[in-house]
Amino acid sequence: MEYFKGITKIKYEGSDSKNPFAFKYYNPEEKVLGKKMKDHLKFSMAYWHTLVADGKDPFGNATMERPWDEITTDPMEQAKVRVKVAFEFMEKMGLEYFCFHDRDIAPEGKTIEQSNKNLDEIVDIIESEMKRTGIKLLWGTANLFSNKRFVNGASTSPNADIFAFAATQVKKAMEITKRLDGSGFTFWGGREGYETLLNTDMKLEQDNFARFLHMAVDYAKEIGFEGQFYIEPKPKEPTKHQYDFDSATVISFLRKYDLINDFKLNIETNHATLAGHTMNHEIRLAVDNGVLGSVDANQGDLLLGWDTDQFPTNIHDTALTMYEIIRGGGFNTGGLNFDAKVRRSSFSVEDLFYGHIAGMDAYAVGLKVAARLWEDRVIEDNLAKRYSSYKKGIGKDIVEEKVGFKELEKYILNKKVLDLNESGRQELLESIINQYIIG
Ligand code: XUL
Ligand code: CO
């Protein structure tokens, strides 16, 4: 059965094309820096937004028109249909990866046993669709935030039974991720945070979170799951204080609890914005600390203070994001997962295609701009020049840790004239970036 009738595989037609069902910039086989575009970008579909999100918001009901959801009202039958829809969509879009939460793909049952049985049944279908199409699982995860039992968090719940329940759920989610040969497993701290210190033992909660992650690492070894674990930072929403605030916070958490060798980061553009950072800042920190894992590609609205999860269309941002990824050596296990949803007023089936086309084209442009900036060493040469005083003389001694305050005092007292500061040339650099974007 075909669900997207009349829509054929989306092809690259070039920037003159007026066809809304064509890529204008994303040309999967085109080589950039010696590698195919599709292998730089590794686009992934987020099952939760594309197959499950129905357009509900705090003020209104579902708006999405999804004809395949009308075929049956039985949740398991609906889940089976959605798998077929998902794979037809990914094939038509040329998306070679996907990501899911356990509860996106199969409905939760009345008991854990029933939930796991539902998962197994759906995973059978997903597995055969993956074989048929060659589409791969970028990462799996467990939804530890929707059910009311997680109202106070999962591994950071004040209730030990909830900790145990969450562990049981993650155990199963890891097993199915392994079965589907997922290259990663993500922990986004859904409700791992707090609203008020008046009722929160923050130290115990954070210690427990780390204990939970160690258990996951141990279990991965036990079952031979070799995928990469990721933590996805986010500063707020749903809780007021999310423990995984941003890259810097997560990196120091991983170091403190001796998890730094087992986890990398899955960095999301809109979460960076909410933390008051740029995406390139967040990625740069991860790269510099050896923990860049994967990216949740989307964009927020700078006028709004919440996670709008829009498809990325801002090519200035995609260029600087891709620049940091190239600078970091590119993706290994990770990719660009569209943790993005169409607006609730973009409710037609076609909008799912337009959203992904917009995102893929924006990242293709970003990649090409970033590759040219990298090849021409625009930013790198400027950095080398700006920091050149650390390559020789006293600067070299500082970097090589050969001097302390006394030696530096002696050096500066002997120096009659200080070397001049140089302009940072920010505006020049910004206009050069624009020149590279406009071409
Ligand atoms: C929530 C978010 C999640 C994670 C996966 O803001 O980004 O969808 O990506 O749990
Ligand atoms: Co995300």
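A pocket is an open set of grid points where a 1.4 Å probe fits, with protein on both sides within 12 Å along at least five of seven lines. A molecule sits in a pocket if more than half of its atoms lie within 2 Å of the pocket's grid points.

**Figure 1. Ligand 1 in its pocket.** The model is predicted. Ligand 1 sits in the largest pocket. Around ligand 1 are Trp48, His101, Trp139, Trp188, Glu232, Lys234, Glu268, His271, Asp296, Asp307 and Asp339. Sorted by class, this shell holds six charged, three nonpolar and two polar residues.

**Figure 2. Polar contacts of ligand 1 with Trp48, Glu268 and Asp307.** A side-chain N or O atom of Glu268 is 2.8 Å from an oxygen atom of ligand 1. For Trp48, the distance from a side-chain N or O atom to an oxygen atom of the ligand is 3.3 Å. Asp307 places a polar side-chain atom 2.9 Å from an oxygen atom of ligand 1. On its own, ligand 1 has 290 Å² of accessible area, and the protein covers 94% of that area.

**Figure 3. The site of the cobalt ion (ligand 2).** Glu232 (OE), Glu268 (OE), Asp296 (OD) and Asp339 (OD) coordinate the ion at 1.9 to 2.1 Å. Glu232, Glu268, Asp296 and Asp339 are also among the residues around ligand 1. Along the sequence, the spacing of the donor residues is E-x35-E-x27-D-x42-D.

Key. Residues numbered from 1 in each chain as written. Chains lettered and ligands numbered in written order. Predicted model: local features only at pLDDT ≥ 70, side-chain atom pairs only at ≥ 80, totals over all residues. Heavy atoms only, no water. Near = heavy atom within 4 Å. Polar contact = N/O pair within 3.5 Å; in protein donor to acceptor, adjacent residues only side chain to side chain. Areas by Shrake-Rupley, 256 points an atom, 1.4 Å probe, with all protein chains shown as cover. 1 Å grid on protein atoms, 1.4 Å probe; cavity = no way out; pocket = protein on both sides within 12 Å on 5 of 7 lines; lining within 4 Å. Nonpolar A, V, L, I, M, F, W, Y, C, P; charged D, E, K, R; others polar. Donors = N, O, S within 2.8 Å, 3.2 Å for Na, K, Ca; no water.
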